[in-house]
Amino acid sequence: MTETVIELQNIVKKYNDVAVVDDLSLKVKKGEILGFLGPNGAGKSTSINMMVGLLKPTSGTILFNGKDSSNLDKKEIGICPQDIVLWNTLTCFENLYMMGKMYNVPKKVLKDRILEILEKLHLIDKKNELISSLSGGMKRRMNIAMATIHNPSIVVLDEPSEGLDPQSRRLLWDYILYQKELGNTVILTTHLMDEADMLSDRVAIIDHGELLKLDTPKKLKQIIGKGDTVQLELNNYEDNPKIISALKSISDLNKIFETEDKINLILLDAVKKLPDIIHLVENNNSKIIDISIRQNTLEDVFIELTGRQLRE
């Protein structure tokens, strides 16, 4: 049986009688990467702050390794915030050394660990450079290094890839997977659905403080129906309603909906159905200017569960 590291039981957090987190229950397994997704204002940050003991719930119970949260050793947790938190007037090595000493990492262990982390994050040649001289991507990698210098068993990453180029993102992904190899548990918040899909063993999707779904990425993608997604863009998006109505007659259609003025169909044997789709559109006096076909994604699931309305 997989060991549970963190368990939330009917957690509620209220501010001025408004429930930011509402009856949230979930278990975080030892050694897993848990993707934690939700729109802006969904309650992600509040939930995670309670998970790691930074906030107390209004009601409910939080257990760490089966014990009350009051028994939590803060040294077991490493938090990488979305904002860069570094000492700009110190070097990379000095930043990590200072953080390591704050967590009482033995001196004989600390130096080797610093060099190992800098090597893995491709910052070893910057070890004696001031933080102020680093690029934004390097600072973000240093941010995650600071969160893991004491080898915490629970690593919380708040949108760690925000603003990174593709190469830096892949490097960071490798480091996150390395944390799993060490046996550590990772809680990852991200707005990048491909990141959540690539890294997460399970994904929790919350909205309005409530848990909507918790499962593997593969099983979540089956929520919106089996098959592939065909996306159509018409020369006049005002035709979308009548074309959607016409396309409902296509066989094996699981779902049809509109996003960003484009029509999306989820159906079986999508490739074979393309001639029928095109024929129906043209028979209704409209024209397709772009058509694509792809497998369902976590983004499709996210939009399906949380809606298409923009959140500020």
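What follows is a chat about helix packing, sheets and a few single residues in a predicted model.

Colleague: Before we start, what are the ground rules for this one?
Modeller: It's a predicted model, where local features need pLDDT of at least 70 and side-chain atom pairs count only at pLDDT 80 or more, while totals for chains, interfaces and linings use all residues. Residues are numbered from 1 along each chain as its sequence is written, and side-chain values use heavy atoms, with hydrogens and water left out.

Colleague: Helices, then. At what angle do the axes of α2 and α3 cross?
Modeller: Roughly 135°, and the axes come within 10 Å; α2 is residues 92-102 and α3 is residues 107-120. Axes here are lines fitted to C-alpha atoms, for helices over the stretch in contact, and angles run from 0 to 180 degrees between N-to-C directions. Helices are DSSP runs (H or I, at least four residues), as are strands (E, at least two), numbered from the N terminus.

Colleague: So what do you call that, and which hand is the crossing?
Modeller: α2 and α3 are oblique to each other. For the labels, under 35 degrees is roughly parallel, over 145 roughly antiparallel, 65 to 115 roughly perpendicular, and the rest oblique. The crossing is right-handed, meaning that the near helix is turned clockwise from the far one by less than a right angle.

Colleague: Which residues make the contact?
Modeller: From α2 you have Cys92, Phe93, Leu96, Tyr97, Gly100 and Lys101, and from α3 Lys107, Leu110, Lys111, Ile114, Leu115 and Leu118. Contact means heavy atoms within 4.5 Å. By type they divide into 8 nonpolar, 1 polar and 3 charged. Nonpolar covers Ala, Val, Leu, Ile, Met, Phe, Trp, Tyr, Cys and Pro, charged covers Asp, Glu, Lys and Arg, and the others, Gly among them, are polar.

Colleague: And how far apart are the axes of α3 and α5?
Modeller: 10 Å, with a packing angle of about 135°, so α3 and α5 are oblique too. Glu116, Ile117 and Lys120 of α3 meet Leu171, Tyr175 and Tyr178 of α5. That contact divides into 4 nonpolar, no polar and 2 charged.

Colleague: Which strands does β9 join up with?
Modeller: β3 (residues 33-37) runs parallel to β9 with 4 bridges, and leucine 34 has arginine 202 as its bridge partner. With β10 (residues 210-215) β9 runs antiparallel, over 5 bridges, and aspartate 207 stands opposite glutamate 210. Two strands count as paired if DSSP finds at least two bridges between them.

Colleague: What's going on with phi at histidine 208?
Modeller: Histidine 208 takes a positive phi near 50° in the hairpin of β9 and β10, which has 2 residues between the strands.

Colleague: Fine. Where is asparagine 151?
Modeller: In the loop between α4 (136-148) and β7 (154-158). Asparagine 151 also has a positive phi, near 55°, and at 39% relative accessibility it counts as partly exposed. Glutamate 159, in the loop between β7 and α5 (166-181), has a positive phi of about 50° but is buried at 10%.

Colleague: What's the strand order in the sheet with β12?
Modeller: β12-β13-β11-β14, an open sheet of 4 strands with antiparallel pairing. β12 (253-259) and β14 (288-295) are the edge strands. Neighbouring strands are turned by 20° on average, direction ignored. Helix α8 (residues 240-247) packs on the sheet, touching β11, β12 and β13 (262-267), and its direction makes about 15° with that of β13.

Colleague: How many bridges are there between β11 and β14?
Modeller: 7, antiparallel, with threonine 229 opposite arginine 294. Both of those residues are among the contacts of aspartate 300, along with Ile224 and Gln295, leaving aside neighbours within four places in sequence. Aspartate 300 lies in α10 (residues 298-306) and is buried at 11%.

Definitions and conventions
Buried < 20%, exposed > 50% of the residue type's maximum accessible area, 1.4 Å probe, protein only.
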